[in-house]
Each structure stands twice: as C-alpha cells, then as structure tokens.
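Subject: Handing over the structure, with notes

Dear colleague,

Here is the structure that I promised to pass on to you, and below it you will find my notes. Please keep the model open while you read, so that you can look up each residue as it is named.

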Number of protein chains: 6
Amino acid sequence: MIYITRKESFNAAHKLARTDWSEEKNLAVFGKCSNPNWHGHNYELFVTVKGEPDPETGFLVDLKVLKQIIQTQIIDKIDHRNINLDVDFMQNKMASTEILAIEIWNQLFPHIKDAELHSVKLYETQNNFVEYFG
Amino acid sequence: MIYITRKESFNAAHKLARTDWSEEKNLAVFGKCSNPNWHGHNYELFVTVKGEPDPETGFLVDLKVLKQIIQTQIIDKIDHRNINLDVDFMQNKMASTEILAIEIWNQLFPHIKDAELHSVKLYETQNNFVEYFG
Amino acid sequence: MIYITRKESFNAAHKLARTDWSEEKNLAVFGKCSNPNWHGHNYELFVTVKGEPDPETGFLVDLKVLKQIIQTQIIDKIDHRNINLDVDFMQNKMASTEILAIEIWNQLFPHIKDAELHSVKLYETQNNFVEYFG
Amino acid sequence: MIYITRKESFNAAHKLARTDWSEEKNLAVFGKCSNPNWHGHNYELFVTVKGEPDPETGFLVDLKVLKQIIQTQIIDKIDHRNINLDVDFMQNKMASTEILAIEIWNQLFPHIKDAELHSVKLYETQNNFVEYFG
Amino acid sequence: MIYITRKESFNAAHKLARTDWSEEKNLAVFGKCSNPNWHGHNYELFVTVKGEPDPETGFLVDLKVLKQIIQTQIIDKIDHRNINLDVDFMQNKMASTEILAIEIWNQLFPHIKDAELHSVKLYETQNNFVEYFG
Amino acid sequence: MIYITRKESFNAAHKLARTDWSEEKNLAVFGKCSNPNWHGHNYELFVTVKGEPDPETGFLVDLKVLKQIIQTQIIDKIDHRNINLDVDFMQNKMASTEILAIEIWNQLFPHIKDAELHSVKLYETQNNFVEYFG
C-alpha cells in the first residue's frame, strides 16, 4: 500500500465566537480569535489517499482528478470567502481548525473513488495544524 | 553600512472593494478579493533597517527594541483584526498589499531612531509580496 | 479522534561526547559533534495531542494553554542555553536529538490534561529530525 | 521506540509514458508528464528508520552511516540523471513518484542494519508527495 | 515607488553541454550537469515590477494580468518540457540558470506595460539562484 | 550584469557578552544571548557574486568553485564550532550576526576572482538576518 498527498491552499476569513455567548465570554474563551470583525488565514490543506498503484500507469490515483475533486468540493466554496458566513458545509458549526478539517474530510469522502481517503491535514498557520483520519 | 531584518507575522481579514462602486464593478476589477463577507491572510512582514554596528555591542540595533516597535505600532493594531474596519492607519484607504506596505512604513518610520529604516517587505501569500523603500 | 500540533522553537548549544571516553574516541564516534567547545542549533519542536473536539468550542485543546505548557516546561529551560550544562532534565544524559525528544516527552506528559499527548517531533536541522510516541 | 529521519535530495529528468501506447494515448493519460523530450524535478527524499537508541551513544543510528547508505544506493545512481534511461533499479518500470518511492525502499532495505526501515517519503514537487512503509 | 513580486514555478529538463565539445570536455567543465540523458529541476521564478500604485484601486498592477503574462510567455513554453530542445527562446543558447534568467527577462519585457519590469529571480534549487535586472 | 547566489549552512555555538563587563551588565544589554554557557544556531549563509556570464559556458562563475571557496574559507572553520572560541577570524570580536557577516565578507573577498563579491546575507534564525555589501 502506498500513500500519496496533494497540497492545496485557500485564503479565508473566520472568527471563533458563539452567538449564544456574550462578547465578553467569547473574548475570555477564544481570545483575539473572537474579534467581531473577523480575521483570516492562508490555509494549507494536505489530502492523503492510499491504495495500490495501477501496474499499467504506476499511479495510485490521477493527481489531476484528485486536485479537481479538492478544487470543486472545497476550494471553490471556501477560497477568498468567509468560513462562518459563506461556506455551506460550515453553517452552524464552530469555525475552528479542528471542525474545519473534519468537515473537509466529510466533503471529500464521497468523491474519492479510486483510492481510500487516509487523512486531511490542515495548517491554519505555520505553527498550528490539525490532522483527521476519519 | 549593514542591513538587519526582523520578520514578524499577523493574521488579518480584508477585502478589496470601493464603496463608491457597484458590487459588479468591484467584482470585475478585484475579482474574488472583493467578496463582501471578507477573506484573510497570514501576512509576513520583514522590516529592514541599516546603519553602522555599534563597536561596543556589535549590534546595529537591539532587535528586542525593533521587535517591540513593530509589535506596538503594527502587530497590536492589525493582528487578528479586519484591515478595512479595525486598523486606524488604514481607514479610508484601499486594503491592497501595496498600500498596506506603504502605511506600515509610515507607521514605523517615526519610531526607528538608532538606525535608518530601509525597507518594508510584506508577503500576502507565498506567491505575492510587495517591497517599499520610502 | 483528531490530532492538533503546535510548533515552537529554541536555540541551544550542545555537544555529543562521553566524559568517560578520550577525546579521540569521542571524535571517532561522534565526529565534529564532539567539538569540546560546543556547537548549536535552531531546534524546531512539534508537539501533537489527540482527542475529541469539545462540541461547545470546536477546540480539542486551547492552544494558548498548550503553548504555555511547552513554554514553561521546555522553552524556558532550554532556549538560549547549553543542553548539556544548563538543562535540568538533560543532566547525565547524552544530548542527542533522540534522547532530547524522549526527555521532552517525559517533561510534557504529566502536564497535558485535556487531551492525550501523541507525539514529540524534534528537528535538529532541516535534514535531521526525530519522532517519539511514548 | 524512536523514529529518526534523514532528508536528502536529487535532481533528475523523467517522463511518464508507455512505449506500448501511442503518443496520443500517453498524452491523454499522463498529460504534460508524457512530453517525449523529458522534464525534471528537484526530488526531496526523507528516509525514516526506527528502533531503540543505544544507551551509550544516545543514537538510534549513526546518521553519517545512514546518509552514506542513501548516497551510495540512491543518490549516486539517480542525481543529475534520467530516471527512465540511466537508473538501474528503475529499468522497465513506470517512473511515477509512487513506483520510484517503492523502488527506493527496495534499494535501501537490505542495507539498513542497525535499525528498522520505517518509511520512504518522496516529494516530486512541494505540492505532491508519496509515502511508502514497505 | 513600490515593488511587487509574483512567484511562479515550472518543472523542466535540461543539460549543460556544448555540442562542439567532446563528452570528456563537457564532463570536465560542467560535471554531472552534462549528463547526456538530461536531468531536471523544479524551477521557481520571481518576477518583480515597480511603479506607483493606482490611487483608485491601490494596485501597482493587476496580479492576475501579470500572472497571465508569465503563464503565456514563459510557463506554457517551458513547464514539463526540455529547455534545450523544446523552448523556442532558448534555442542555440546555453541552458544555464544565468542565461535562462536573462532570456526570461527578454521574453517578459515587451509585455509588461502598466509598470516597469525590475528583476527576474530564478531558483534552480534551494541552494542556487540568479537575479537579473536588465 | 547578472547576480548568482550560493546558499550554505553551518551550525555553531556563540554568546554575546563582553569580558570587560559584569555578568549583570551583559544580561541587561544582551539578554539571554549572554548566557555564560553558550547557545547556538543553524546559520544560513547566502553569498552573492555579480558579473557577466561567460558566453562559452553560460556561467557567471563555476558554482562548484564558489562552493569550495565558501567551504574552505568559512564552513571548515566555523561549522560545529564555537564562534567566540574556535574561529580564527572572529577572535576578539563581538559574535553578533552583524559582525559575523562583515567578517565572512572579509574572509571571502580575497578569494573571489572570476566575479565580483556583491553581498553576504546571514540568517541567525528564520526571523533575523543581516546583509552586508562591503
């Protein structure tokens, strides 16, 4: 079995705040991430799939196809957008890196057909990243 | 003469749009950067100063002091904030990387005292950056 | 289950040499790493914890808390110091990257309370790194 | 058990094309990677071994020895060469990153003696990489 | 005056060898870069233009336009190709990084209209790069 | 005129402290960099030379020669050593990045013969670097 990873990136705004909490409680729990007017990140997304390479092509998957799935299911919906307001699969969810990674997995999973989705790794900054294995 | 550079970073939301233009015109000119609900970036800021090293310390400047100036004048005002809405020195200005770099220079310039400010280099993404030399 | 990683860094001196060996034997085994007058590195430390995100916050852990634990237990003791001479948890131990990663794990483990410590990954240089999973 | 990784790199030419297929079919399946006149990459290779550190040296393996094995078995054969034409262990194989990672594993495996080979990770570009665990 | 830089990349094969020299002389002068069967690189290209930002948009240039010029004039001609054999603007020229950077400048110069081309910076590897200012 | 840069690296220990000052004064001025038992860094060194490419080879300089000069004049003397104690060209000098960059220039200058030395750029960490142009 072999694992292949494709890296993509997107730039998005978000905030961490619960509407059922006061601004003070949000600030106490989420710190500057709760700023009402949003902040943003250059997210880096690493999608890993696993399986056996095709003996004819030497490919586990056609990376152009994998790239296109990530583009259609994730990047087109989230790049240069507001994660809390604009992204259908994040509605009514906390826009933490943890939840975002899980929901990206949920978006991709039904579309990965020629190999098995192994992990979604999501960098919020160069110092913080999350991995989810389903 | 020697040049020393300090790198800092901040995460912020912004959009590129003129309020005196229609949403259509903003979209035509600024593309997805005009998304009304904002997007954001992990900005990287490189501040370079120049001068002669102090023969006693071997330092051109005390980097702790330079770091503190950048922190107070820039990072505290912009990190985890909305460049268009929250940042005093960007009010009524286009939030492009070009204008932001120039205004960061203008903020820093009066506070750099022991050396000469040489350049402000600002990365919006790993693929786009701006340099300003005053 | 989700995995979240926080990256920190520290700059430290060390050498690889046994006091019960001759300088010649140390040189034969450890090469230039045995230089008696020390050398040093910019170490990069990745601490990964795992668990379930809190449904209320979307956080696995509060990264500010995790960062503070790493700061207090590791960085404050090792940054800008000599690993062989100055670091309490490395006394009488070989200052190899392997042993250092294990001892960093041992330092952190009792303090990680809201999630499970998964791994410590330690870069000595961009070309050499160690991972320890307990 | 601890894991240590050594990174090396090599620059090589290759193409993805089957000689039993027409140029049109190769182009349809492999896209621009099938260009008859070759293209190339700066490959980055991460070799990870695992085991117990030696209590006397604190080393899992002597990295100079590991580096020398990678140099002799892989880099000397592939660096500044054509993977399809010049590399003995890739003869009659597809020069995909997947197959190349597997064959690098097969080359290294018999020579890693003081620890257990854990993984070969091979970057073709910063956006695409493969991992193989045997 | 402000400077803005766009980074693009391409993967290509090349060799350094003169057809009017023997293979031995090519090897003596160019070393392993003269391997007859080619090798290759992931090149990184930084194109910098300079000028005054437009007061209405805050843009020095529309980066989408700059990106498109680089794509059409350079990337479409060189990516996944052989620099010596396939690239029109490198015919009968040495495929060194120096000459390639100069010829990329020459290709781009007539097409940069809204700002002044300032520099072309070309990385052959992470350890070697060239800059040309016209 | 074209500029070519070669990157090398070295790992070294140092401290910032004057022997004619008390430990208290050194601490006040140099902070944790004055730790008596040293600390260290992975330094990255970028050496840039400029001139006209040779029309026969397309090379400004033979990078193997430039690399060898940097190796002999700098790396062999400083890598895995103590800058304050072991490096002949840093004796009786402050081991700041500024002074180190100047002295590296002074070491290299007499040996660069086929092109003109343009700059020495020295990273102490990813956040701090110095440039010297002679």
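Let me begin with one pair of chains, where 20 residues of chain A are in contact with 20 residues of chain B, contact here meaning heavy atoms within 4.5 Å of each other. Before going further, please bear in mind that this is a predicted model, in which local features need pLDDT of at least 70 and side-chain atom pairs count only at pLDDT 80 or more, whereas totals for chains, interfaces and linings use all residues. Residues are numbered from 1 along each chain as its sequence is written, chains are lettered from A and ligands numbered from 1 in the order in which they are written, and side-chain values use heavy atoms, with hydrogens and water left out.

**Chains A and B**

The size of an interface is often given as the accessible area lost when the parts come together. For chain A and chain B this buried area is about 1,600 Å², and carbon and sulfur atoms give 48% of it; the value is the accessible area, found with a 1.4 Å probe, that two parts lose on being put together, summed over both. On the side of chain A, the residues that lose the most area to chain B are A:N37, A:N42 and A:H80, which together account for 34% of what that side buries. Two salt bridges are counted between chain A and chain B, a salt bridge being a side-chain nitrogen of Lys or Arg within 4 Å of a carboxyl oxygen of Asp or Glu. A salt bridge joins A:D79 to B:K32, with 2.9 Å between the closest N and O atoms.

**Chains E and D**

Chain E and chain D also meet, and their contact takes 20 residues from chain E and 20 residues from chain D. Between them they bury about 1,600 Å², with 47% of it on carbon and sulfur atoms. In chain E, the residues E:N37, E:N42 and E:H80 supply 35% of the area that this chain buries against chain D, which is more than any other three residues. The count between chain E and chain D is two salt bridges, and in a salt bridge the side chains of D:D79 and E:K32 come to 2.8 Å, N to O.

**Inside chain A**

Chain A has four helices and five strands, and from the N terminus on its elements run β-α-β-α-β-α-α-β-β; helices (H or I, at least four residues) and strands (E, at least two) are DSSP runs, numbered from the N terminus. Taken along the principal axes, the C-alpha atoms of chain A fill a box of roughly 60 × 25 × 25 Å.

Within this chain, helix α2 (residues 63-78) and helix α4 (residues 97-108) of chain A pack at an angle of about 135°, with their axes 9 Å apart. Axes are lines fitted to C-alpha atoms, for helices over the stretch in contact, and angles run from 0 to 180 degrees between N-to-C directions. The helices α2(A) and α4(A) are therefore oblique to each other, since angles under 35 degrees count as roughly parallel, over 145 as roughly antiparallel, 65 to 115 as roughly perpendicular and the rest as oblique. The contact is made by A:I69, A:I70, A:Q73, A:I74, A:K77 and A:I78 of α2(A), together with A:L100, A:I104, A:Q107 and A:L108 of α4(A).

**Chains C and E**

In chain C, the axes of helix α2 (residues 63-78) and helix α4 (residues 97-108) come within 9 Å and cross at roughly 135°, which makes α2(C) oblique to α4(C). In chain E, the axes of helix α2 (residues 63-78) and helix α4 (residues 97-108) come within 9 Å and cross at roughly 135°, and that makes α2(E) oblique to α4(E).

With best wishes
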